[in-house]
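Student: I have a two-chain model open and would like to learn how to read it. Could you walk me through it?

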Amino acid sequence: MDVDEIDEEEFGFSRNYFLAKELGSSRKKSARKLSEIDLVDEEELRQVAANIEPKHEKEVKHLISSYESSYSNWLFALRCGFALLMYGFGSKKALMEDFATKSLTEYSVVVVNGYLQSINLKQVVITLAELLWDQLKLGRKTTSGSLCKSQQPFNTRSMSDLLTFLDKPDLEVEDCFVCILVHNIDGPGLRDSDSQQCLARIASCSHVRMVASIDHVNAPLLWDKKMVHTQFDWYWCHVPTFAPYKVETKFFPFILAHGGSAQSVKTASIVLQSLTPNAQNVFKVVAEHQLAHPDEEGKFFHTWVSHFYLHFHVCRRN
Amino acid sequence: MYVTAFECLLSQPFFVLHKASKSSESSAVMSPGKPRKRRLDSSPKVSLNSESLKENLKMEVFPYVWSKIESNIKDVLRSINADVFDEIGRWVRESFNKICSCRGPVDPSKSTLPYPFVQNGGLVKKLFTALVFTKNIETVDDILTFSELGLNLKSHGCYVANISSLDFSTKNGIGGCLRAFLRQLLMVDIEAADVSLLASWYSDHGKYEKPVVVIIEDMERCSGALLSDFIKMLSEWSVKIPIILIAGVATSTDAPANVLTSRALQYLSTSMFFLKSPAERMDAIIEAVLVKNCAGFSVGHKVATFLRNYFLRQDGTVTSFVRALKMALVQQLSIEPLSFVLKILVDEGDNKRSWYEDLANLPEEVINHAFELPSYRTYSVNRNNHAELNAMSLDHGLSELQRLQDLWRSRLMCLHEAGRYHKVALLDLYLEALDPELYNSRLSNHGCDNAKDKSLLSDSDKLFRLQKAEVTNQVIRKIRDLPAAKLSQLLKSWEGLTRGTVEVHEKIMELQSQMVSGDVKSHKAELTDNSKRHINRHRLNMEKDACTSNDKAMTLAGQTIR
């Protein structure tokens, strides 16, 4: 009798187990998808994120202002030929720009927003060359002598030409350099090896000093020893600020946001912003035409694209 | 949507934050390349507050001191490579002569076609190649070596192009490396690169008496297929344009076989050359910069330990060591307000002069700071010096400090000379010499010796001290085993090193004269006495004499480190 009871019990237990298993597997097979999760709209999320009350504001402010005492050391390191690399948790954008505004007044400063998706480094180098040229002219007025007047405009020169100009050892004014401030040198637009090589070459020029920040824990893997020791020549500065990454994350799509129309508009605007001014104007003309003729439903755009390609190929062949 | 200018800047890939306000006067002082020959002039003619005065002083000192150190390091590296460079230079000349001897009379009209005109077909398509073994997996140390090699060959009448593995990337293809190669020789940017351009350049200007040398810094990092193609292409032209290849190899003799295709290997006629190892270079740099006081400052034990560990266990490159040294100088200047004195110390070289004039120009505040320093206090206590604290006494203090440092350096170098026979690294000796614990223990040991109370030291204590000063003790112990010839050689080098210090120098001279008289005695004995018994006794005596000289030398070395 007892044995029967035990058997019955065991049978009940195993039946329940298999029932539960079955139920579990049937639940797994349900047609629910990840995309069905009701995610909040991006606009709304951004709004909520913007309204998050920042904590320890006073302490963060105090911490950031405490770095001001190091400005003179940083400037000294820069003038000794090092490049500054800021690391540590928190946005370092405000801190770096404050340092540049207060301490680097004698030098021209170009800011590169590495957190954006695409950056044209050639344009940056052209700007640096133009600024150095201006700085040299300014220096020349105070001293005697004259710069060579027959100067080819910088925007038509090749990259290696520009870098040679920035690296010229025989310029008369020796301690004359321009500064380049790179926020997030490990950002998405600069993460590829070509950009890093280019940045390393810029940093190694004798008339350029670089101040950069990193936020990714593996950022140093972007560089080999040649770049680290002979080109960038980093002077590491640990400057945690605990400030929110408000600006840096603005151009990044939220992972938890709904991929609705708002986001595609955002993405399109990021792409448009990364284009050259000429290309932006072309797209503006197309968009205006499209808005003026809503009945054509993109016909114009198609014909325009094919014309554009044809024209491009003709130009290239010639 | 309304966008503020600020937001616009945030979304711009780049923007100009501000332009240079004015060309600064203080910045003009900094000139990394050429140090200005200026005395420390900080007399209060210019109304500057003390902060900006200090800023200006350190800005003036850094380029001056660093350029000295840097050029010193470059000289050291150049001299360490000099033998290999000479050897390579000779080989280049010989290879060029071989190419010239096998090529027939040159016909400029046909010189832009690849296939060579050859008299005896033996050397067709063979490319003379030097494999330079760097003994260092990190190519970063050899960038300078190969550029120096290039300059050296240029000065000996070769056309030289330095190409790195970056030019051999598959993305740019063979055109990329060819462009880099031609750009350096022809000095123009070429869109469509072709070797025939080089051939016409070579024949146009009648450059037949000079070889063309291509230096590839890091062979292993190049794309194998691309490098093979490049070698094949060069070999086709190797007689018409006498191209000679020099390739840096970081790993082993198998490297070319691993990188190149077997076909490309057949085109090569290789010779091997070996550079000095990073440890040897490191020792040479330490000697030249830190021990021989070129830097004007000494690094502390903690910094030296860090540098050594970083070099041996992590990075292994001389480049990072040099960088760390530069950083140390920046730190020193930033933290220590008196460090501008470095300029005077470095300025000296061999011609010593009084610094009084320079020091007298300094503001009183700065001089007073110097008297607060522990080194000056020790000096004045030792001397019972209660003289007035002014520039004159600071001048005396500084000269005394330098005298002591010179003494310390000469003794360290004596130990290093002794350690050379057993390949002891100077870095290790340097580190032990800097260790304050060892210094204190030696002092107390010395005290115990005097008090004849050695039993006070426990055995474990002694063992600990022995282990701590392992390298130094080892070097001293091994002096006993040195053969007489080497010992006299060692004494001779010691004599040179301790020339400035009277007591040690005298002892060395005494030892030397003892050894010489021993030699003379034994020589005479040999001449007068030929019997077997006497020779045996005489040998025993000689060994005994040698032992006592070795012991004396050992004791002397032991005394020097106290």
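Student: Let's begin with the interface: how many residues of chain B are in contact with chain A?

Tutor: Two residues are in contact if their C-beta atoms, placed from the backbone, lie within 7 Å. By that rule, 35 residues of chain B are in contact with 43 residues of chain A. Elements giving two or more residues to chain B's side are α1 (5–11), β1 (14–18), α2 (25–29), α3 (50–102) and α12 (318–335) of chain B; helices (H or I, at least four residues) and strands (E, at least two) are DSSP runs, numbered from the N terminus. That side of chain B divides into 15 nonpolar, 14 polar and six charged residues, where Ala, Val, Leu, Ile, Met, Phe, Trp, Tyr, Cys and Pro count as nonpolar, Asp, Glu, Lys and Arg as charged, and the others, Gly among them, as polar.

Keep in mind that this is a predicted model: local features need pLDDT of at least 70, side-chain atom pairs count only at pLDDT 80 or more, and totals for chains, interfaces and linings use all residues. Residues are numbered from 1 along each chain as its sequence is written, while chains are lettered from A and ligands numbered from 1 in the order in which they are written.

Student: Which strand of chain A pairs with β1(B)?

Tutor: Two strands pair if DSSP finds at least two bridges between them. Here β3 (residues 109–113) of chain A and β1(B) pair in the antiparallel sense over four bridges. V110(A) has V16(B) as its bridge partner in β1(B), and V109(A) stands opposite H18(B).

Student: In what order do the strands of the sheet lie?

Tutor: The order is β6(A)-β2(A)-β5(A)-β4(A)-β3(A)-β1(B), an open sheet of six strands with mixed pairing. Because β6 (234–238) of chain A and β1 of chain B stand at the edges, each with a single partner strand, one side of each has no neighbour in the sheet. Neighbouring strands are turned by 20° against each other on average, direction ignored. Helix α4 (residues 71–79) of chain A packs on the sheet, touching β2 (83–87), β5 (208–213) and β6 of chain A, and its direction makes about 135° with that of β2(A). Axes are lines fitted to C-alpha atoms, for helices over the stretch in contact, and angles run from 0 to 180 degrees between N-to-C directions.

Student: How many residues of β4(A) are buried?

Tutor: A residue is buried if 20 or more other C-beta atoms lie within 10 Å of its own, exposed if 12 or fewer, and partly exposed in between, with C-beta atoms placed from the backbone. In a regular strand the side chains alternate between the two faces of the sheet. Strand β4 (residues 178–183) of chain A has six of its six residues buried: V178(A), I180(A) and V182(A) on one side, with C179(A), L181(A) and H183(A) on the other. Five bridges join β4(A) to β3(A), in parallel, and five join β4(A) to β5(A), also in parallel. L181(A) stands opposite V211(A) in β5(A).

Student: Which residues have the most contacts inside the largest nonpolar core?

Tutor: A nonpolar core is a set of buried Ala, Val, Leu, Ile, Met, Phe, Trp, Tyr and Cys residues joined through C-beta atoms within 7 Å. The largest has 124 residues, and those with the most contacts inside it are A83(A), L84(A), V110(A), L128(A), L181(A) and Y430(B). Helix α3(B) gives the most to this core, with eleven residues.
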